[in-house]
Amino acid sequence: MAAAVVSHIFRPRFPSAKIKLQLKLLHSFSDSEQLDPSPAPCAAVEKPSLPALQNSPEADSLCQVLIRHHNPFHHMESSLQLYGISLSPPLIHQTLLRLNHQSKIALAFFKYTQSHKPSPPPSSSPLLDTAAYNITIDILCKVRQFDVAWQLILQMDSQESGSKPDFTTFFVLIRRLISAGLTRTAVRAFYDIGIFLGNDTFESSFSFCFSYLLDTLCKYGYVKVAVEVFNKEKYRLEADTKLYTILIYGWCKVGRIDMGRKFFGEMLERGIGANVVTYNVLLNGICRRASLHPDGRFERVIREAEEVFDEMRERGLEPDVTSYSILLHVYSRAHKPQLCLDKLVMMKEKGIGPSLATYTSVVKCLCSCGRMDDAEELLNEMVRCGVTPTAETYNCFFKEYRGRKDAEGAMKFYKRMKEEDSLLSPDMHTYNILLGTFLKLGKMGLAWEIWDDMNTSGVGPDLDAYTILVHALCEKRRWRRACEYFVEMIEKGFLPQKITFETLYRGLIQADMLRTWRRLKKKLEEESITFSSEFKEYHLKPYNR
C-alpha cells in the first residue's frame with residue numbers, strides 16, 4: 001500500500017503525509033530484496049530534461065547578490081536583497097541553475113520565492129512551476145538531501161496549482177539515488193511514478209520509463225540490479241534491441257565482456273537483430289577496458305576490434321563515426337599518435353566526417369605524447385571543419401601541462417582559451433585541474449587568480465574545488481585560511497569528506513592550535529543548529545560529522 005511508501009521513507013517524520021496515498025497500491029521493495037523488471041510498448045514521452053542554462057544578465061546579477069550577501073545564520077537577509085526585483089519563472093529557473101553548487105542558498109531562494117507575492121498580480125501560471133521544483137530537487141539530491149526532495153514532491157502533489165510532478169521529477173530523483181548507490185530506493189521510486197502521475201499514464205509510458213531505469217543503473221555500474229529488474233518485468237513487455245543493448249553496455253561497463261557477449265548471443269538467438277549501436281557498445285567494451293601494454297596485448301585488442309568490424313559488414317552494417325572513434329581511443333590509450341593520425345585520414349577518405357569525440361581522442365593522444373604543436377594544429381583544423389571544441393578538448397592540454405609541471409604554459413593557454421573562444425567557458429573540471437596544478441607547484445598567486453575567475457564565472461567552486469584548496473592550505477600550514485574556506489564550504493551546503501575533517505583536525509592539533517579547533521567546532525555546531533531551525537519544515541540532514 002502507498003502508506004507503506006510514506007511510512008518507510010519518512011517513518012517518524014511525516015505523520016500526516018498524504019492520506020490519499022493510503023488508497024493507492026504501491027509496488028515496493030526492501031533494500032535487501034531482489035529486483036527484476038522489463039518493458040512494454042514504447043509511448044511517446046518527452047525525454048526528461050531540466051531547463052538549459054542560458055545567457056541571462058539579470059539571473060547573473062541576482063545570483064551574485066544571493067551568494068555575496070548570504071548569511072547562513074539569517075538566511076532571509078539574502079531574500080531582503082530581492083526587494084524590488086520582479087521575479088518570473090524563467091528568471092527563477094536561470095537563477096537556480098546558477099546556484100547548482102550552492103544547495104543552501106538555492107533552498108533559501110526557493111523558500112523565499114514560495115512566500116513571494118508578485119506584483120503585478122499573479123498570472124494563471126505559478127512562479128514556482130514544475131521545472132523550478134525539478135531543478136531544486138536535483139540540487140538537493142546532489143548533496144544527498146533525499147528526504148527533502150521527497151517532501152518537495154509531496155508538496156507539489158498536494159498543490160491545486162499546475163506545479164505537479166512529472167516524469168522529469170522522478171527521472172532526476174532516480175538518477176541521483178542511483179549515483180549515490182541507493183539502487184533499491186531508486187527502484188521503489190520508479191514504481192512510485194504510478195502513484196503520483198496515475199497508473200494509466202505510467203502503464204502507457206512503461207517501456208520508455210523502464211528503459212531509462214535500466215540505462216541509468218547500467219551507466220553507474222549496477223548492471224546486476226538492472227538484470228534482476230529486467231528478469232522480473234519480462235512478462236510486461238517484449239524485449240527488443242534497445243533493452244538488450246542497454247544490458248550489454250552494462251556488462252561491458254563493469255568489465256564483464258563475457259557476459260556482454262552472452263547477452264549479445266541470446267539476443268541473436270531470440271531473433272532480435274543487432275544494430276550499429278549494439279555493435280559499438282560491444283566494441284567499446286572490448287576496447288575501453290582492455291590492458292594495452294605490452295604491445296602484444298594491444299595487437300590482440302586491435303584484432304578483436306577488427307573482427308567486430310568484419311562481423312558488422314557481414315550483417316550489412318557499415319561502421320560509423322562512433323565505431324572509428326572507439327578505435328581511435330584505443331590508439332590514444334596505447335600512445336600511438338601516428339596510428340591515430342593515419343586512421344583519421346582514412347576516415348576522411350571514406351567520407352566519414354570526424355566528430356567531436358574523434359578529434360578529442362586524437363588531441364588527447366598527441367598531448368599525452370608531447371606533440372603539443374600537432375595537437376594545437378588539429379585544434380585549429382576542428383574549428384575550420386565546423387566542429388566546436390569543448391572544455392574537455394582543452395582539458396587535454398591542461399593535463400599535459402600539469403604532467404610537465406609547466407604552470408606558465410598552462411596559464412598562457414588558459415588565457416588564450418578565454419580570449420580566442422569567448423563562447424566557450426572553462427568547466428568545473430578545467431578549474432579543478434588548473435587549481436590543483438598551481439597549488440601543487442606552489443604558485444599561490446596563479447591559484448588565487450583561478451579561484452577568483454571560478455567564482456566570477458558562476459561555475460563553481462564545487463566540493464572538489466574546496467577540498468583541493470583546503471588540503472593544499474593544510475599542507476602549507478596556513479591553518480587560519482584553511483579554517484576560513486572549510487567553514488565557507490559548509491555554509492554553502494557542501495558536506496566535506498571525512499578525510500578533510502581529519503586532515504584539518506590533525507593539523508590544528510599538531511600546530512598547537514586546539515583553541516582554534518574548538519572555536520571552529522563550536523561554529524559548525526551553531527551553524528548546523530541554525531540551519532535546522534531556518535528550514536524547520538524540511539528534514540535536512542546535518543552538515544557536520
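Helices here are DSSP runs of H or I of at least four residues, numbered from the N terminus. This is a predicted model: local features need pLDDT of at least 70, side-chain atom pairs count only at pLDDT 80 or more, and totals for chains, interfaces and linings use all residues. Residues are numbered from 1 along each chain as its sequence is written, and side-chain values use heavy atoms, with hydrogens and water left out.

**Stop one: T500**

Select T500, in helix α27 (residues 498-510). T500 is buried, at a relative accessible area of 0% (buried is under 20%, with a 1.4 Å probe and protein chains only). Now show H471. The side chains of T500 and H471 make a polar contact at 3.1 Å (a pair of N or O atoms within 3.5 Å, one able to donate a hydrogen and the other to accept it). Beyond neighbours within four places in sequence, T500 is in contact with T467, V470, H471 and F486 (heavy atoms within 4.5 Å).

**Stop two: α21**

Move to residues 391-404, helix α21. Its 14 residues reach 20 Å from first C-alpha to last, close to the 20 Å expected at 1.5 Å a residue (1.5 Å times one less than the number of residues). Colour the buried residues: A391, T393, Y394, N395, C396, F397, F398, E400 and Y401. Just after α21, K405 takes a positive phi of about 60°.

**Stop three: α18 and α19**

Select residues 337-349 (α18) and 356-368 (α19). Their axes, lines fitted to C-alpha atoms over the stretch in contact, come within 9 Å and cross at roughly 155°. That makes α18 roughly antiparallel to α19 (angles over 145 degrees). Show the side chains of the contact, including L341 and L344 of α18 and Y359 and V362 of α19.

Conventions. Helix = DSSP H or I, 4+ residues; strand = E, 2+ residues; numbered from the N terminus. Buried < 20%, exposed > 50% of the residue type's maximum accessible area, 1.4 Å probe, protein only. Axes fitted to C-alpha atoms, helices over the stretch in contact; angles between N-to-C directions. Parallel < 35°, antiparallel > 145°, perpendicular 65-115°, else oblique.
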